[in-house]
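Student: Please take me through one part of this structure closely. I'd like the cut-offs spelled out as you go.

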Amino acid sequence: MLRILSQHAHWDCGKASRRDFLRVGALGLGGLVLPQLFAAKAQALNGPAGGKPVLKDRSVIFLFLCGGASQIETFDPHMDAPPECRSQTGEVKTCIPGVTFGGSFQKLARLADRLAVVRSYQPGHGDADHARAIKKTFQLDHPMEASIGSITARLRGSAFRSDGFPAYASLVEKEVDSQYQEDEERMRKSDMPGRLGAGFAPFTPTGGGQINKDMTLNVPLERLDDRRALLQELDKLSRQVDSTGAMAALDEYEQRAVDMILGGTVRKALDLSNEDPRVVERYDTSRFLSGHLTKRPDTLGRRLLTARRLCEAGAGFVTVGMAGWDTHGNDKHPGVKEGHIKLGEPLDHAVAAFLEDVRSRGLEERILLVITSEFGRTPKVEPKGGGRDHWPGLCPLVFAGGGLNVGQVIGRSTSKAEEPASEPVRMSNLLGTILHTMFDMGEVRVQRGISRELLTLADGAKPIPELF
Amino acid sequence: MRNRFTCAIILGCVALLTPVRPASAGGTDVKSLWLHVTAAPPEGGSTATQALRLRGADARQQLLVTGASDAGTPRDLTRDVTFSVEPATAAKVDPTGLLIPLADGTATVTARHPSGMSASLPVTIERFGSPQAINFVNRIVPIFTKTGCNGGGCHGKSGGQNGFRLSLLGFEPQEDYEHLVKEARGRRLFPAAPENSLLLTKATGQLPHGGGKRLDPDSDDYRLIVRWVRQGMPYGSANDPTVAKIEVWPKERILSRGGQQQLAVHAHYTDGTVEDVTRGAVYEPNDKNMAETDEAGRVKVYDQPGDVAVMVRYQSKVGVFRALVPLGVEVADKDLPPAKNFVDEKVFAKLRKVGMPPSPVCDDATFLRRVTIDIAGRLPMADEARLFLASTTPDKRAKWVDHLLDSPDYADYFANKWAGVLRNKRSKSTDAKSTFAFHGWVRESLLTNKPYDQFVREIVAASGDVAENPPVAWYREVKKDDDQLEDAAQLFLGMRLQCAQCHHHPFEKWSQQDYYGFAAFFSRVGRKPGTRPGEDAIFHRRGAPAATNPKTKQAVKPAGLGTAPVDVPADVDPRLALADWMTSKDNPFFARSLVNRYWKHFFGRGLVEPEDDMRETNPPTNPELLDALAAHFTKGNYDLKDLVRTICNSQTYQLAALPNAHNAVDRQNFSRYYPKRLSAEVLLDAVNGLAGVQSSFAGLPPGTRAVELPDNGFNAGNYFLTVFGKPEGASACECERTNDASLAQSLHLINAKDIQDKLASNEGSAAKLVSDAQRPEEGKIEELYLSAFSRKPDAEEMAAAKGYVEKKLAAKPADKDANAVKRQAYEDIIWALINTKEFSFNH
């Protein structure tokens, strides 16, 4: 049982309530006190220029196609290009007149009115070194070495929400295929806070983040219970001494921390057995096999569903990684056609299920889905092996939801999908679009305590205008 | 309404312009009533000067009604009266007290209060029928500020919003005119059918508008814009008068909790005319937890006693209204501890004024722990606590303060504080030589108690190589002159000049000219490769110092803020002139900002909050105290240790944190100590200390404590420090250090393996205590309490802890070693102590 002392709610517009003693069960009324306290604190922190909320009620799912997905076989088939350049998986008509997607995206083609496809995105790097390229995309090639997700965590002030739920999570799957394991490693390494500090690292349910370690009970449960009982007896400093609510907040956090350790809201969000089995079924991609040499049932669907559940429960930014898109067409890698069927189909299926799911739940505006890769692929297919190599000129980029203007194609590519044929969209525009979706950037600009470095980066990131 | 009056019985409270009076018994009846538009008669105004003259149909006048009971303080009754105008055809008054003309002529306005009192004023209305050309700058631009269109979050930011750009807060009306009238092929304004102008259809929400509905079609502002468009969008002539300054009435008031005050704002024009602009001004309280304002200029305070200021903005002019919200409890001499120094005198004077009795002085254990943390960044050791508690020396507290100031711990802790805001940041491993040297220099300066003015001079005017002159390292992170001046202003003058780089400062009087005058001091800073690869040496480049104002394209000579430009000869480093100006005895900002920063260090809240945002529109909560501290500091030759002594030896600093029956709500009057969390470094050292272990930091000698760390280079390797908010040194603001609680922190303290390893260490406290067979359990528990809290456990705590050990022993299975079980029990006790609030807070 928790004992919380609530002070005068003098930020409750004058409705002064005398001190209340509230005895609450786990996660009870105390949760209501916290957001107010932190809102008032945040307002106070914002200073005279602030007062408007910095954070919008939007979440971002960053679906990353690791390895370099082809801009052609995904959403820009160019069937009028020469045979060795055009999409090797053919094309499929979408519900937008005149627009076609690559042949393996049947379901998304029917839902194209919910997507905004950018055909002029040029990351500008095509490193032979994937690790460096992936890092550049995640971290915007910036010396701060902070991933986009970490930047959003820093701008909101914490990688955890005030109610204790993680605001920033990374769902990169543990791979079994040796090739895919490399992709996994690179994505994990890139989704890091860099110079922003470990406090803004993502919550990673799989894989050894410090938070995970801290969440794993490392003394017998009985001992933890005994300790907490003793703490109750010894923690006697009157909460009355603190009028800022910080002590009450700590009491609340302790409760939530123990809940997390013992399997609370976060575990619940991650546990798909809490979801309607029909929904799980719709997302499920396990019939597709993922892996090049060592195969296993694909888990993208389940992970995308988990991402939705995390966002619904309050996460602000969730990375979902999908490995295997490096289609050189040699002994280590599949060719373009094989690769984009093998991976395109589960991607198509999972994202289509996601789009239907968020619409039926009324979450479409609240969640922005971003699908992209670290670079695109060469316009000309190698005759031997049927593969394409790294190409910095263009890269697939798709947006859905988030209240943006979807149902359109943004920008054009040259006839063989080599370069943008309209104003190029850059990595900073990708960052800008994400930031403008999640934050009131006007208010962020006048925040205090954010380093000049980060502010310059965030302020200079202009969103893609057609989306807003 | 009755409640407001009963609340307003202010015992012992003062009208701000008159001396303290004894308690006034009555207050529910109104014995005097005044109708006015400027100062109320009891506050220096006179009825004779309240002539009302309204020119033109657009003119408005905010009326103020003030009442008082016998010997009572003036209070606002603007919303409690009924207004009438005789003849009624001449003018009318709306429920908020706004006088609106209806026809030319003279009339009498009367305010009648339910108590029977009434007051009247004559009013003259002229030129009602003659339409005047609407001046764009004086009439239309303020509407954009009022409605928020040209704020920094929307059309006012550089780049504007959705292709429509306005100057920030209307600072550049000529540009605004261009954007409105000439840009976008003149679509925005449509003289033939003004209501169909895009500007209006969007602003009223008739067309989809990202900013929502900003303008009500049934408002004066809307009608004015329509008429202006119909007139053909005149700009106005260059000879038209402009706003020279604004005045806010009343300037200050004592308000009861939950009370309100209507303001009137007058614009004084360059031709001498005065106009009411109450509805056009923007209002913003400096503490949103204390008050709110509405568009009509009415201030409403909440329940919290203290000071709140409302910034009033019109065009590029600012004004301020100050409210004191007393608690209203009588504070007799017996309620105050004897004043030890001028700090106490000033604080207690404020407490009398606010009517807030302070908590009593804290006990020895509390004082010992509190001051040791605040000065030396560590917990007192058990033996230190024992000795202090047992000592009967009458001035033992003052002696302990001296002892701490003489110890290297003081230098470590404050070096840690200064190095952060001096941006002593390590970005690559090779930086370590410089960051370590800079930190060492700061520490040495504190240890030797170098006068603060010299300290700042040596940083700001640093030249040479980091190897020989460590403060040159400050220039590593502030590479351009705008970074240099902004940091210098923020750190050493308590001012945020950043905004003024591109436009007039939104909240203060500094213009771009001021900004570039300040920048000019840094215009001759030269860089060349130093002796260490990758490090620059700083030198003075010969030449006349000047910065170019990008608006006027003129060169600006160096000028201290608010002073005339100085002529610096070409062969003299202008930074020396800057140091001279900053450290001169009559510099209004230098000493004030330092003493405010140090006040915040000890009390958790500055006299000005935030500590680096000192401006006219953000006044100190106790101006007399701030002035006195600054004067003392200046006269004492900027002696930092003496400042610490002055603060820590005051009774104010030594008040208990536990509130009495009245002052739990206090957040700015210092009637008690406001507890604050231990910072990351202090907490880590405290945890290590109690658990009897050490952290190791790569490359540093064993036993190095976290507060001694010279830079941020150890952050990445230590999760504890980063999760508890140790900053990277990337900002000149101490707020980069987040002291906020977070779930990750709680998780860590409760369940981290790292913490468990500390507790279970074979060399740690638990192991040592258990292996000591001689000492009784009580003694061991007492030792832990003295180490953690500087006090002995009370009977309950002792019973709980002892009982825990006994319970564990009793429950132990036969095959388990008793000592091992005991050791685990002690680990658990230390775990519990670490997780109490008493441990992680300084209270």
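Tutor: Buried area is the accessible area (1.4 Å probe) that two parts lose on being put together, summed over both. Between chain B and chain A that area is about 6,300 Å², and carbon and sulfur atoms give 59% of it. Leu743(B), Asn751(B) and Lys837(B) supply 12% of what chain B buries against chain A, more than any other three residues. Keep in mind that this is a predicted model, in which local features need pLDDT of at least 70 and side-chain atom pairs count only at pLDDT 80 or more, while totals for chains, interfaces and linings use all residues. Residues are numbered from 1 along each chain as its sequence is written, chains are lettered from A and ligands numbered from 1 in the order written, and side-chain values use heavy atoms, leaving out hydrogens and water.

Let's stay with the interface. Chain B brings 73 residues into contact with 67 residues of chain A (contact means heavy atoms within 4.5 Å). Salt bridges between the two chains number 10, a salt bridge being a side-chain nitrogen of Lys or Arg within 4 Å of a carboxyl oxygen of Asp or Glu. In one salt bridge, the side chains of Arg223(A) and Asp828(B) meet at 2.8 Å, N to O.

Which elements of chain B supply at least two residues each to the side that touches chain A? They are helix 14 (481–492), helix 21 (719–723), helix 22 (743–751), helix 23 (753–759), helix 26 (795–810), helix 27 (818–835) and helix 28 (837–840). Helices here are DSSP runs of H or I with at least four residues, strands are runs of E with at least two, and both are numbered from the N terminus. Helix 27 of chain B gives the most to this side, with 8 residues. By type, the side of chain B that touches chain A divides into 28 nonpolar, 16 polar and 29 charged residues; Ala, Val, Leu, Ile, Met, Phe, Trp, Tyr, Cys and Pro count as nonpolar, Asp, Glu, Lys and Arg as charged, and the others, Gly among them, as polar.

For a comparison in chain B, turn to strand 4 (residues 64–68), where 5 of 5 residues are buried (under 20% relative accessible area; exposed is over 50%, partly exposed in between, with a 1.4 Å probe and protein chains only). Leu64(B), Thr66(B) and Ala68(B) cover one face of strand 4, and Val65(B) and Gly67(B) the other. Strand 4 of chain B pairs antiparallel with strand 1 (residues 32–36) over 5 bridges, pairing requiring at least two bridges found by DSSP. Trp34(B) stands opposite Thr66(B) there. Strand 5 (residues 75–76) of chain B also runs antiparallel to strand 4, joined by 2 bridges, and Gly67(B) stands opposite Arg75(B). The hairpin of strands 4 and 5 of chain B has 6 residues between the strands, and Ala71(B) takes a positive phi near 55° in this hairpin. Most residues other than glycine have a negative phi.
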